[in-house]
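I opened my notebook to look up a few things in this structure, one entry at a time. Come and read along.

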Amino acid sequence: MKHEASIREPLIIGNKSLHDISEDIAKPIETSANKWWWSLFLLSALAMLWGFGCIFYTIGTGIGVWGLNNTIGWAWDITNFVWWVGIGHAGTLISAVLLLFRQKWRLSINRSSEAMTIFAVVQAGLFPLIHMGRLWVGYWVFPLPNQYGSLWVNFNSPLLWDVFAISTYFSVSLVFWYMGLIPDFALIRDRAIKPLAKKVYTILSFGWSGTAKHWQRHEVMSLVLAGLATPLVLSVHSIVSMDFATSVIPGWHTTIFPPYFVAGAIFSGFAMVQTLLLVMRKVVNMESYITIQHIEMMNIIIMVTGSIVGIAYITELFIAWYSGVEYEQYAFLNRATGPYWWAYWAMMTCNVISPQLMWFKKLRRNIVFTFILSIFVNIGMWFERFVIIVTSLHRDFLPSSWSMFSPTFVDIGIFIGTIGFFMVLFLLYSRTFPVIAQAELKTILKSSGDNYKKK
Amino acid sequence: MNKEKVIYGLYGDDDVILDAVKTIRSKGHQVNEVYSPFPIHGLDNAMGLKYSRLAICSFIYGCIGASCALLMFWYIMIYDWPMNIGGKPNFTLNENMPAFIPVTFEMTVFFGAHLMVITFLIRCGLYPGSTSKSPDSRTTDDKFLMEIHTSGDEKEVKKIKDLMKITGAEEINEK
């Protein structure tokens, strides 16, 4: 017999039967969108088009249209890249790590957070590509035989490790997500009445029929993919951090970076999941599945990872002082009290102080508070990357070349464009894909459903 | 000779069909297939299915990935065009190895994950454009379908149908 503590709350509320779950999850796909969806979609699409315009302008004219200068060679582009990659960490963490830990509450949120992961990585991938300046030779990052000698890529460089890490992460997350989607597309296919929808979902579902052998293989595959994706998700942001840590720039050259970046990535990823899901559960009526308890669990993770990030900031400061290296000491002093002090303190407030409010049970079960806090965390984590990148670069070893960074409209336009692009993808997803992994969720109905638990 | 007959029993609960499979198999009949909307734990054992070897495949694919990565590093960085990069020793693969660990890991995961998924799709016959083999479309919603092949012998058909009824089948059809 499996014993369950009485304090365990049901994960599915309302008296749901298996059929009700199918109904609820197919509903957003089978009904048409409301005004709110359309207005949000149009707004996002406009932002996206504006961003694409700025990208075309950058590629057509050159990187000079950005606010970069000789001293600050990386600024908003790489800040945005790291920010988006970080956001793209929660999905695989939820679906892979929580699968290995047998956390059942992941089942209502894994599909959407994985979708978010994939869409965020798409945005992240845009930045290194356009930062190359010459997008048409972008394929040079791969080790392809060529007529120049052959001239190969440099496997000693963390920038190349990044190419491999991001492309592996993107493709493996995509496949992991899609394999989970196949049984759910099969449900939509079998319910479809319109011939076009039937045809499309037949293709998408790969002919899934749910036989015993297929399910057995599917489960083994999911478990192995989770086992592979867990170290992968940790490796990706570690490698991103090595882009900085293996350099000799004061403020970047720190061994704490890999775990510190990974914690920050999980922190920001969960914040973005909260931002999106709090809206989505309302709009597509998923309150029975994404309950207050789910929100609380995610808030606890935000609190824990936020505290790890806080400790990392303080450790960095301490080590800068303790190292006795004056350049290192100056870099950190300059962060907190130099011309970019506001960015540093914005980061400190949003990332270190605000998540500590989650110690209060009332606050972490409050939806409005959670939403506001998740926005704070998103902003704070953007500033973290800005602080690391821009303030470490802007005052280098030679005071005559010290400078400041100010973004141009193109910098801002591309950033806003990626937010729009991200939202467009997510909005389209929320109306055409099953937003909850219903097949998996049905397995816990008997153990965690409201009506079954009462019996 | 009688024509071969297929009997379908539709069940409404995962625990009921699991018990049904056990009962019917203990009476000496073969359960050929079960279609279900979600994985039922213990069903593969109850049906006598062999354990899936996908995990072993993935391990082998991962090893292939790691070997390919190492071969690539050796060829590119050591043999074909060695370069002095930041004074990192690169006379042999081993000396340069620390810098190659991250990409070796990524390639291992890349091969292990993708080739396993491709193996899964091929073994299950899943591809875009393939159609569902399930005879009842409710099996992706909330119903569970048991499929038993018989030789068409009247007595046997009746016995299986009775067994299905006793074990809680909601609908019984034959084809």
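**Entry 1: a helix in chain A**

A reminder to myself before I start: this is a predicted model. I began with helix α9 of chain A, which covers residues 257–283 and has 27 residues. From its first C-alpha to its last I found a reach of 39 Å, close to the 39 Å expected at 1.5 Å a residue.

Next I asked how many residues of α9(A) are buried. I got 23 of the 27, so α9(A) is largely enclosed by the rest of the structure. For that step I used the cut-off that a buried residue has under 20% relative accessible area.

I then looked at what comes after the helix. α9(A) is followed by A:Asn285, which lies in the loop between α9 and α10 (292–323) of chain A. The phi of A:Asn285 is near 55°, and I noted it as a positive value in a residue other than glycine.

**Entry 2: another positive phi**

A:Arg102 also went into my notes, with a positive phi near 55° in a residue other than glycine. I found A:Arg102 in the loop between α4 (90–100) and α5 (110–131) of chain A. Is A:Arg102 buried or exposed? A:Arg102 has a relative accessible area of 57%, so I wrote it down as exposed, since the cut-off for that word is over 50%.

A:Arg106 is found in the loop between α4 and α5 of chain A too. With a relative accessible area of 8%, A:Arg106 is buried. Leaving aside neighbours within four places in sequence, I listed the contacts of A:Arg106 as A:Ile94, A:Ser95, A:Leu98, A:Leu99 and A:Glu440.

**Entry 3: the largest pocket**

I looked for open space next. The largest pocket holds about 1,300 Å³. It is lined by 50 residues, and the closest to its centre are A:Lys104, A:Glu219, A:Thr443, B:Pro39 and B:His41.

Which helix gives the largest share of the lining? I found that helix α8 (residues 212–245) of chain A does, with eight residues. Sorting the lining by class, I got 21 nonpolar, 13 polar and 16 charged residues.

B:His41 sits in the loop between β2 (33–35) and α2 (43–47) of chain B. At 59% relative accessibility, B:His41 counts as exposed. Sequence neighbours within four places aside, B:His41 touches A:Glu219 and B:Leu18. I also checked B:His41 against B:Glu171: they are 130 residues apart in sequence and 23 Å apart in space, C-alpha to C-alpha.

**Entry 4: a buried arginine**

I went back to chain A for A:Arg364, which is in helix α13 (residues 361–364). Its relative accessible area is 13%, so A:Arg364 is buried. A polar atom of the A:Arg364 side chain lies 3.4 Å from the backbone oxygen of A:Trp359. Beyond four places in sequence, the residues in contact with A:Arg364 include A:Ile295, A:Glu296, A:Asn299 and A:Thr370.

**Entry 5: a leucine in chain B**

My last stop was B:Leu70, in helix α3 (residues 54–80) of chain B. B:Leu70 counts as partly exposed, at 27% relative accessibility. Apart from neighbours within four places in sequence, B:Leu70 is in contact with B:Leu93, B:Met97 and B:Thr104. How far apart in space are B:Leu70 and B:Asp80, and what separates them in sequence? They are 14 Å apart, C-alpha to C-alpha, and ten residues apart in sequence.

Terms used
Residues numbered from 1 in each chain as written. Chains lettered and ligands numbered in written order. Predicted model: local features only at pLDDT ≥ 70, side-chain atom pairs only at ≥ 80, totals over all residues. Heavy atoms only, no water. Helix = DSSP H or I, 4+ residues; strand = E, 2+ residues; numbered from the N terminus. Expected span 1.5 Å × (residues − 1). Buried < 20%, exposed > 50% of the residue type's maximum accessible area, 1.4 Å probe, protein only. 1 Å grid on protein atoms, 1.4 Å probe; cavity = no way out; pocket = protein on both sides within 12 Å on 5 of 7 lines; lining within 4 Å. Points joined across faces, edges and corners; volume = space filled by probe spheres on them. Nonpolar A, V, L, I, M, F, W, Y, C, P; charged D, E, K, R; others polar. Polar contact = N/O pair within 3.5 Å; in protein donor to acceptor, adjacent residues only side chain to side chain. Contact = heavy atoms within 4.5 Å.
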